[in-house]
Each structure stands twice: as C-alpha cells, then as structure tokens.
Amino acid sequence: MQKFNSNVPTGPLENRWDKHKFDLALIAPQNRKKYNIIVIGTGLAGASLCATLGEAGYNVESFCYNDSPRRAHSIAAQGGINASKNYQNDGDSTWRLFYDTIKGGDFRARESNIYRLAQLSCNIIDQAVSQGVPFAREYSGYLANRSFGGTQVSRTFYARGQTGQQLLLGAYSSMSKEITSGRVKHKSRCEMLEVIIIDSKARGVVVRDLVTGEISSHIADCVVMCTGGYSNAYYLSTNAKGCNTSATWRAYKNGAYFANPSFTQIHPTCVPPTGDSQSKLTLMSESLRNDGRIWAPKNKKDCEKNPNDIPEKDRDYFLERMYPAFANLVPRDIASRALKSICDEGRGVGSIVNNQRLGVYLDFSSVVEKMGTDKVKEKYGNLFDMYESITGENPYAVPMKIYPAPHYTMGGLWVDYNLMTTIEGLFACGEANFSDHGANRLGASALMQGLADGYFIAPQTVANYLARGKFEEINNNHSEVLAAVESVKSRIDNLMNAPEPKHSPDYFHKKIGSILWTSCGMARDKKSLKNAIIQIEKLKSDFWKNIKVTGADKDFNQTLEKAGRVADFIELGHLMCVDALDREESCGAHARLEYLAETGDAKRDDENYGYVAAWEFNGDNPLLHKEHLDFEFIKPTYRDYK
Amino acid sequence: MNFILHIWRQKNTQSNGSFVTYNVNDIDSDTSFLEMLDQLNEQLIEKGEDCVVFDHDCREGICGTCSLVINGHPHGEKKATATCQLYMRDYANQKELWIEPWRAKSFPIVKDLAVKREAFDRIIQSGGFISVSVGSAPEANSQLIKKDDADCAFDSAICIGCGACVAVCPNASASLFVAAKINHFECLPQGKIETGKRAQRMINQMEQEGFGSCSNHRHCETVCPKEISVSNIASMNKLL
C-alpha cells in the first residue's frame with residue numbers, strides 16, 4: 001500500500017498543476033503500446049479517459065454494466081457544466097470558480113485539487129465544442145451561459161436540459177473512434193466484482209458477464225475506476241437503477257481508503273415521491289431555480305388548496321425571505337434543508353407519504369407571464385414535459401411541486417493529487433472519488449470534474465505511474481488471480497444459496513434505504529445514527545440468511561445482480577453512519593442536528609474536524625485516518641448566503 | 001387496477017420463445033409501467049420462479065436502455081415517450097397487455113425482453129465522431145456557429161439510441177438513427193469536414209449489420225421518444 005500522502009504540490013497555487021505535470025514522468029509515444037490499462041465504468045470520466053488514453057497510444061480494456069457506454073448515468077445530467085471563461089464579463093475568473101467551489105463545499109476539500117479543476121474547466125469547453133457538442137448559442141453565434149446555484153456569475157454552459165447527454169455522447173464518440181483504432185477494447189454488460197492485487201499493486205479485475213454469468217479475470221498494469229456514486233444506497237434516488245457501489249466497495253475491502261462516505265447530496269428540485277411502488281425519483285434541473293420561484297403556503301389550512309387559488313399575500317417565498325442575497329439560488333444543501341423544515345412544520349403540499357405532505361411549489365407563472373410560453377418552452381421545455389409525464393399535471397398552468405432526493409455523493413474512494421487510491425496502481429476518477437466537492441457539490445460541477453479527471457488529469461498521472469514502475473508478466477493462473485476468481489464465485493454461491501431464502505433483493509434494498517434516509521439523510525443526530533448502526537448490523541446478517549435469488553447464476557439474472565449490489569449497499573450504509581457519527585459538526589450536506597445554528601445553517605468546527613475522514617477496512621470496525629486540510633490561500637469562513 | 005399480461009419469455013438467443021400469461025392486481029395508477037413489471041417480478045421471486053428480464057436504467061427517458069413493444073407499439077402508444085416514462089394511468093382502459101422485445105434481425109434477443117443493440121455501437125464506431133484528439137481544440141468561441149445551426153444539430157443529437165425506429169420499421173432500417181448522427185455533425189462547421197466519408201462509412205456499416213433500407217413509411221418518427229424528424233433521412237440522402 002502506498003503511504004497515506006496526498007502528494008499535493010507546493011508553491012504558488014496558480015503554478016502547482018503545471019509544475020506537477022512537468023515533474024511527472026512521461027512515456028515515449030512508441031513505447032505506450034506496451035502498457036495495458038483497465039478502465040471500469042464508461043460514463044463521462046471513464047469514456048473520456050478511454051478516449052484520451054487510446055489517442056495517446058496505450059492499450060485500454062474497458063467494461064461497463066450497461067448494454068452500451070452511451071447509457072451511463074452521466075447522460076441524465078441536465079443543467080450544465082461550469083467553466084470560468086468569463087464570457088459574460090461579470091467578474092468571473094479561475095480564482096472565483098475555485099473560491100465558489102471550495103466555499104460551496106464548506107471548506108472540506110483540498111485547495112490544490114479545486115484550483116486545478118477550475119483551471120481545466122475552460123479546456124473542457126474547448127474540447128467539447130470541437131467534438132461537436134451542440135451547446136446553446138446566442139444569435140451572434142457565440143456560446144450562451146446561464147447562472148446556477150451557489151454563484152453570482154453566469155458561467156454555466158448548457159445544451160437545453162440535456163447537457164450531460166450531449167457531453168457523454170461527445171466522450172462516447174471519441175471513445176468509439178479509439179475502439180475503431182483498436183487501442184480501446186470495450187466490453188458492455190459486464191460487472192466488476194473483484195480487484196486483483198499482486199505485490200501490493202492493482203494488476204487486474206475479475207468481472208462477471210451479465211448475460212452468460214461467466215466469471216473471467218483480466219490483467220493489466222494498472223486499473224482505473226470510473227464507477228460513479230452510491231446515492232442508490234438510499235433506494236429511492238435520482239440515480240439510474242443500476243448505479244452501484246460494488247466496484248468501489250471491492251476496492252475498499254481490498255485496502256483502498258473510503259473518504260467522507262457520509263457526504264451525500266440531497267438535491268432540492270426533484271419530483272416528490274407519491275407512494276410505495278415508486279422505484280426512483282426524478283430530478284428537475286437546478287437551472288429551474290434560475291427563473292422559477294419556490295414557495296409554500298403561509299397557512300397550513302391552504303396546503304390542500306389549488307395553488308392558483310392561494311393569493312400572493314398568503315404565499316411564503318421562503319428562500320427569498322431567508323436568503324435575500326442568493327434567494328432561490330442558494331446551494332443545494334441549504335435549499336434542501338429549508339424545504340425539509342417547511343414540510344416538517346406541516347406546510348408541505350401534494351401527496352401524503354408517511355403521514356406528511358412532501359412538497360413545495362416551484363412556480364413559473366410570473367416567468368410565463370413575463371417571457372411568454374414559447375420562450376419558457378425553449379429554455380425548459382423538456383423539463384416541463386418530463387414533469388407532466390410523471391405527474392400528469394401541466395406545469396405551464398399549475399406550479400410544479402418539488403421535494404429533495406438523494407442525487408450525488410461527494411464521498412468516495414480517497415485519492416491523492418494524482419487520483420491514485422491508497423492501493424498502488426488503482427486510480428479513481430469522477431464521482432467515484434472524493435476529491436473536489438468537499439461536503440457539498442455546487443451545480444454544474446459534476447460534469448466538469450468527471451471530464452477534468454478523464455480528459456486531462458488521469459491520462460497524465462496514470463502515465464507517470466506506469467513510467468516509474470516495473471510490471472512483471474502475470475498470467476491468469478497466478479495464485480492471486482485464482483484466489484480473486486474464487487472469492488467472486490463463492491460470494492455468488494452464497495447469494496444463490498442462502499440458508500433460509502425468504503426475501504427479494506428489493507425487500508432488503510428498501511430496508512437499508514429507509515434506515516439511511518431516516519438517520520443519515522438531510523438531518524442526522526448521535527442517537528439515531530447509533531441506532532441505525534445497530535439496525536444495519538442486524539440487516540446484514542438477515543440479508544445473508546434470507547436473501548432469495550431465483551433463476552440460475554450462469555445466466556442473465558437481474559435478481560442476482562441486484563442482490564450483490566444490495567449486499568454492498570448495506571455494508572456501505574454502515575460505514576456512512578459510522579462516518580456521520582464521527583463527524584461531530586455540521587458542514588455542507590452533513591447536518592448534525594446538535595450542531596446547527598438557530599437559522600438552520602451548518603456550524604462547522606474547523607479546529608476539530610477540518611479533515612478528510614479516510615476509512616480503512618477492518619471488518620466491522622473501520623479505522624479512521626485523518627487527512628488534515630490546510631488552507632493556505634483561502635480563509636475558511638462562515639458560509640453566508642444571506 | 002388489474003391487468004392480464006402476456007409477456008414474451010425466451011431463454012436465450014438460440015432458443016424459441018413464447019408468450020406466457022401473468023396476472024398483476026391492485027396496481028396504483030401512479031405506478032410506472034416498469035414499476036408494474038417490478039411488482040410482477042417480486043411475485044415471481046415469491047413463487048420461486050425466474051424473473052422476467054427487461055432492460056432499463058435511468059427510468060427518466062434519457063439513457064435509451066428500456067425497449068418494450070407494448071400492444072404492438074414500440075415504447076407504447078403515447079407519443080414522445082420512452083417505455084420508462086409510461087404510467088399505468090395511461091392504460092386505465094385496458095385489461096390485457098402484450099409485452100414483447102424489439103423485433104429485428106440486427107437486434108438479437110438476449111433473454112426475454114432484452115435485445116442486443118451493439119450494432120448501433122459499431123455504426124458509431126464506423127464514423128459517428130469528429131476526429132479530434134484531446135489537446136488540439138481551439139478556443140471555444142473562436143469559431144462562431146449560427147444559433148439556428150446549433151439548434152438544428154441539437155435536434156438531431158438528442159437521439160437516445162434506443163432502437164425504437166428499427167423496431168417499428170417494416171424493413172428494420174436504422175436510417176433514422178444513422179441520419180440523426182450524420183445530420184448532427186453536418187449542421188456544425190467543425191463536423192462538416194468529414195461529412196462525406198462519415199456518411200459513407202456509417203451507411204455501409206448499417207447495411208453490413210443487416211438493417212434494411214428506408215422506404216419512406218415514416219413510422220420511425222412517430223415512435224421516436226425524442227421526436228427526431230425523418231427530414232434527417234432526406235438530408236442524409238442528399239449527401240450520397
């Protein structure tokens with residue numbers, strides 16, 4: 001295992017990445033084909049990385065669980081991608097994007113990483129435009145921008161409400177070009193189930209072919225995980241149904257530290273839940289908060305009324321009231337908590353779920369009046385259509401209802417400045433790592449980070465690792481390889497043959513989801529976290545005793561896939577609660593009820609908790625390692641959005 | 001709501017399939033179509049039977065994974081909607097539902113309702129890209145693009161690659177899919193340079209994959225969940 005060292009460069013912040021790049025070892029073009037790199041997951045981070053490594057001349061082998069890389073969940077990102085181009089001349093700069101991001105994350109991320117991200121943001125836009133990503137434009141032919149939560153400048157580039165789709169298809173097209181060149185070999189419908197570690201270095205993976213059930217091992221010189229986040233631990237989330245933690249969890253159990261697992265983002269603008277059969281929640285882009293106004297009835301008795309019958313004076317535009325400076329554009333964690341507290345007060349609207357109305361209004365009536373339906377349609381049409389198809393209500397006529405839902409996980413595998421985990425040769429990119437968003441991610445930053453990692457950072461740092469290492473030849477009969485394959489097989493056997501098969505994977509998934517939503521969601525406290533940990537331990541043992549998987553393991557078996565993923569979510573849920581319990585402060589999305597200001601704002605404790613919590617696997621008693629966060633250039637302040 | 005479901009069950013690509021009938025009861029009208037199938041699968045697990053395999057992922061109509069033919073209509077009868085965006089309230093007047101996979105030679109059935117669509121990936125690999133490498137991109141605003149051109153490119157680029165156009169076409173043609181990608185790049189100055197070669201290669205690949213030709217039935221645009229227009233096919237034909 002490599003030393004727990006963040007490898008952050010020193011010197012002036014502006015020069016760190018350039019200087020670091022210069023210090024990285026290179027591999028000459030003619031030698032690159034001698035190196036093999038495995039990439040797991042081909043969303044934004046993975047596809048962009050495959051494309052870039054292929055273009056450079058490396059041999060890449062990639063896997064994804066979908067039936068095509070074009071279907072990764074990056075595709076669902078709606079609102080946009082930030083870049084500090086300052087095209088709007090509104091005072092934006094690399095420094096401001098850096099500052100907004102670190103402040104948005106409530107000062108729980110590394111200065112060096114975020115500055116690098118802000119620097120690379122402009123290159124991403126250039127790259128995407130040259131690939132043919134059809135960003136929105138002005139009539140002059142110049143690129144258009146819009147503003148997004150947590151900032152006071154207009155720096156978000158967008159392609160209507162489908163920015164993630166267009167960026168992913170851009171990365172996918174570049175990756176496809178490299179598949180044609182023969183340098184990238186891709187296999188869809190495959191799931192990674194184990195990391196192969198030889199002489200303390202990650203040297204390959206074990207995957208299961210989801211169609212045939214065949215287990216196979218794949219050897220390389222290093223492995224990069226681009227496997228996304230774990231919001232699905234909550235069962236109901238905005239993630240795709242297949243999104244899972246299995247790859248990152250295998251890495252953790254093999255010795256990679258897991259950082260800040262309790263930092264999970266609950267997104268404010270989602271379509272509210274309606275009932276028990278619901279399988280997922282749908283996000284409505286945060287860009288809606290640009291123009292739409294959020295309100296709840298002032299009086300509880302109005303909650304059942306048609307919103308159009310509630311007069312202006314009886315409406316509480318609570319975000320505008322509580323945060324006059326940022327108003328409806330406060331960061332996500334703040335908006336979500338405010339929404340929750342309104343509903344907890346009994347002023348929610350919409351369907352009753354668990355004895356409570358879960359929803360507030362997101363109102364476009366004044367916008368429709370001002371801009372006209374056509375203009376609104378052009379800007380937000382697909383989002384409105386989506387809302388209508390889900391709820392059966394016309395948002396041009398009746399205000400939409402929104403409620404927060406788990407959406408993104410800031411936590412993830414701990415990585416150093418080179419995006420390498422604590423296992424040598426095992427890298428993590430995109431949402432799978434923890435690196436850039438601290439305790440809360442700002443809107444339009446996920447696409448930026450995934451692509452910065454994939455196009456610009458990992459290709460350099462992976463090359464450096466390969467150039468500096470020696471990799472002896474390994475074949476599929478190596479004892480460690482066989483042991484990894486064996487462990488996968490025996491785990492599948494245990495899932496298929498529980499002693500008292502009784503409940504489906506979804507049964508357990510809903511259980512862990514409900515524990516986490518209640519105790520490790522928008523509000524957390526010591527007592528309920530302790531209780532959750534006990535419940536999860538019990539759930540874990542019940543799972544292995546009672547999990548019921550029908551069908552065969554050597555077959556296309558979606559029940560088996562789900563069972564394996566739920567088993568990992570249960571274990572991860574445990575770690576999330578352990579982490580949330582350890583952090584006796586509130587910061588960003590992590591709201592400990594004991595440490596909230598009267599206004600509901602997070603009260604950080606920089607002196608005692610100004611660290612990244614990196615957890616090392618140690619059975620049921622994970623070990624905490626602290627990476628102290630130094631702020632050399634920015635003074636952590638109280639996050640004031642008033 | 002109660003439904004009788006006739007679902008296509010097929011063990012694998014080689015075996016023959018058939019319809020199997022199931023009943024689902026007490027379905028809430030706010031349940032999505034796929035959530036209704038989730039409930040069926042929960043019942044099957046309870047009975048100890050193998051679940052119905054169906055493709056799905058984002059469940060918000062953007063990933064293009066879901067792919068069901070419902071009562072003869074790819075993605076159901078509702079316009080501009082993928083299967084995952086259908087709700088049971090849309091089926092309030094129906095008692096029996098026939099659920100099948102996409103049917104096309106180039107999309108072999110993998111199991112039950114899931115098909116293999118790698119032919120689409122190979123078509124993109126044959127030329128559905130702009131040949132630019134990371135690092136060589138110029139400043140984004142150095143090339144101005146008319147708003148109309150950018151919008152036109154966007155309207156074609158929103159294809160989700162689901163394959164409904166193929167499933168509905170009597171010739172199982174992939175023309176709409178191919179044309180949308182060609183037109184997306186053709187609308188943009190940075191994509192225009194390779195247009196001729198791109199079109200040739202992608203169309204050749206489409207033919208090699210066994211997709212048929214377009215004979216102007218225009219069913220594809222009616223089932224397309226993103227309402228991609230057949231005018232894309234006309235533009236593509238002009239390039240040949």
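In the predicted model, helix H1 of chain B (residues 33-47) has 15 residues and should span 21 Å at 1.5 Å a residue; the end C-alpha atoms are 22 Å apart, which agrees. The expected span is 1.5 Å times one less than the number of residues, and helices (H or I, at least four residues) and strands (E, at least two) are DSSP runs numbered from the N terminus. Residues are numbered from 1 along each chain as its sequence is written, with chains lettered from A and ligands numbered from 1 in the order in which they are written. Local features need pLDDT of at least 70 and side-chain atom pairs count only at pLDDT 80 or more, whereas totals for chains, interfaces and linings use all residues.

The buried residues of H1(B) are B:Phe33, B:Leu34, B:Glu35, B:Met36, B:Leu37, B:Asp38, B:Leu40, B:Asn41 and B:Ile45, a residue being buried if 20 or more other C-beta atoms, placed from the backbone, lie within 10 Å of its own. Their cover includes strands S1 (3-9) and S2 (18-24) of chain B as well as helix H16 (558-582) of chain A. After H1(B) comes B:Gly48, with a positive phi near 85 degrees.

Chain B contains 9 helices and 7 strands, and its C-alpha atoms fill a box of roughly 60 × 35 × 35 Å along the principal axes. Of its 240 residues, 54% count as buried.

Between the chains, 64 residues of chain B are in contact with 61 residues of chain A, contact requiring C-beta atoms, placed from the backbone, within 7 Å. The elements that each supply at least two residues to this side of chain B include H1, strand S6 (109-111) and helix H3 (147-157). H1(B) provides the largest share, 6 residues. By class, this side of chain B has 27 nonpolar, 18 polar and 19 charged residues; Ala, Val, Leu, Ile, Met, Phe, Trp, Tyr, Cys and Pro count as nonpolar, Asp, Glu, Lys and Arg as charged, and the others, Gly among them, as polar.

Chain A is divided into domain 1 (1-7 + 36-263 + 410-628) and domain 2 (266-407), with bounds from an automatic or database domain assignment. The C-alpha centres of the two domains lie 29 Å apart. In chain A, 27 residues of domain 1 are in contact with 32 residues of domain 2; the domain 1 side comprises 7 nonpolar, 17 polar and 3 charged residues.

Definitions and conventions. A residue is buried if 20 or more other C-beta atoms lie within 10 Å of its own, exposed if 12 or fewer, and partly exposed in between; C-beta atoms are placed from the backbone. Two residues are in contact if their C-beta atoms, placed from the backbone, lie within 7 Å.
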